[in-house]
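Colleague: Put the model on screen, please. I have a few questions.

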Amino acid sequence: MARWIYSPLHLVQSYGDHPKPESFYIQLFLEAFPMGLMEIVDSDYREADARFESCYTVRSFDRFMEYFGLIESQLIPAEMGKTVALRKTHDLDGLVRFCIT
């Protein structure tokens, strides 16, 4: 398993008892690993931070954690577009345990 996946797993396990927007987890990740944003370059149609957010949510949440039933997502209407709130499932706590020393 790639090392990058440990961070979203740990974040959702730590903070996912109650629904929180995807942006909450993206912000925590970038505070811990600001160099992640440096790996994405701007393009003509989208800035690097927007590309990073899209990539992070699709890979971490949509194609991994939600696919395996580790999180539940809830669409929340917003003024500008959509907001997705995430909450961990009992399967996540039963499957993964982090011991940070």
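Colleague: Is Lys-88 buried or exposed?

Modeller: Lys-88 counts as buried, at 10% relative accessibility. Buried means under 20% relative accessible area, exposed means over 50%, and partly exposed is what lies in between, with a 1.4 Å probe and protein chains only. The areas come from the Shrake-Rupley method, and for residues only the protein chains shown count as cover.

Colleague: Before we go on, what sort of model is this?

Modeller: It is a predicted model, where local features need pLDDT of at least 70 and side-chain atom pairs count only at pLDDT 80 or more, while totals for chains, interfaces and linings use all residues. Residues are numbered from 1 along each chain as its sequence is written, and side-chain values use heavy atoms, with hydrogens and water left out.

Colleague: Back to the lysine. Which residue meets Lys-88 in a salt bridge at 3.2 Å, N to O?

Modeller: Asp-93 does, through its side chain. A salt bridge here is a side-chain nitrogen of Lys or Arg within 4 Å of a carboxyl oxygen of Asp or Glu. Asp-93 is partly exposed, with a relative accessible area of 32%. Lys-88 also has a salt bridge with Asp-17, where the closest N and O atoms are 3.2 Å apart. Asp-17 sits in the loop between α1 and β1 (20-21), and Lys-88 in strand β3 (residues 82-88), so that pair links distant parts of the chain, 71 residues apart. Through shared partners, the salt bridges join Asp-17, Lys-88 and Asp-93 into one network.

Colleague: How many salt bridges does the structure hold?

Modeller: Three. Another one pairs Glu-72 with Arg-87, with 2.3 Å between the closest N and O atoms. Glu-72 is in strand β2 (residues 71-77) and Arg-87 in strand β3, 15 residues apart, and this pair too links distant parts of the chain. Glu-72 is partly exposed at 38% relative accessible area, and Arg-87 is partly exposed at 33%.

Colleague: Change of topic. What is the secondary structure of the protein?

Modeller: Five helices and three strands. Along the sequence the pattern reads α-β-α-α-α-β-β-α. Helices (H or I, at least four residues) and strands (E, at least two) are DSSP runs, numbered from the N terminus. Of the 101 residues in the protein, 30% are buried.

Colleague: Which residues of helix α2 are buried?

Modeller: In α2 (residues 22-32) they are Glu-22, Tyr-25, Ile-26 and Phe-29.

Colleague: Why do they line one face of the helix?

Modeller: Looking down the axis of α2, the buried residues fall within an arc of 100°, so they line one face. The arc is taken from the directions from the helix axis to the C-beta atoms. Ala-32, also in α2, is partly exposed, at 48% relative accessible area. Ala-32 and Ser-7 are 25 residues apart in sequence, with 9.4 Å from C-alpha to C-alpha.

Colleague: What other C-alpha pairs do you have?

Modeller: Ser-14 and Asp-93 are 79 residues apart along the chain, and their C-alpha atoms are separated by 9.7 Å. Ser-14 lies in helix α1 (residues 6-15) and counts as partly exposed at 38% relative accessibility. For Gly-69 and Thr-89, 20 residues apart along the chain, the C-alpha separation is 7.1 Å. Gly-69 is in the loop between α4 and β2 and is partly exposed, with a relative accessible area of 23%.

Colleague: Now the surface. Which residues make the nonpolar patch?

Modeller: Phe-33, Met-35 and Met-38 make a nonpolar surface patch of about 330 Å². Patches are made of residues with over 30% relative accessible area and no salt bridge; like charges are joined within 9 Å, and nonpolar side chains (Val, Leu, Ile, Met, Phe, Trp, Tyr) within 5 Å. Met-38 is in helix α3 and counts as exposed at 65% relative accessibility.

Colleague: And which residues form the negative patch?

Modeller: Asp-42, Glu-47, Asp-49 and Glu-53. Asp and Glu count as negative and Lys and Arg as positive, with His and the chain ends not counted. The place of a charge is NZ of Lys, CZ of Arg, CG of Asp or CD of Glu.

Colleague: Where is Asp-42?

Modeller: Asp-42 is in the loop between α3 (35-38) and α4 (48-65). It is exposed, with a relative accessible area of 56%.

Methods
Accessible areas come from the Shrake-Rupley method with a 1.4 Å probe; for residues, only the protein chains shown count as cover.
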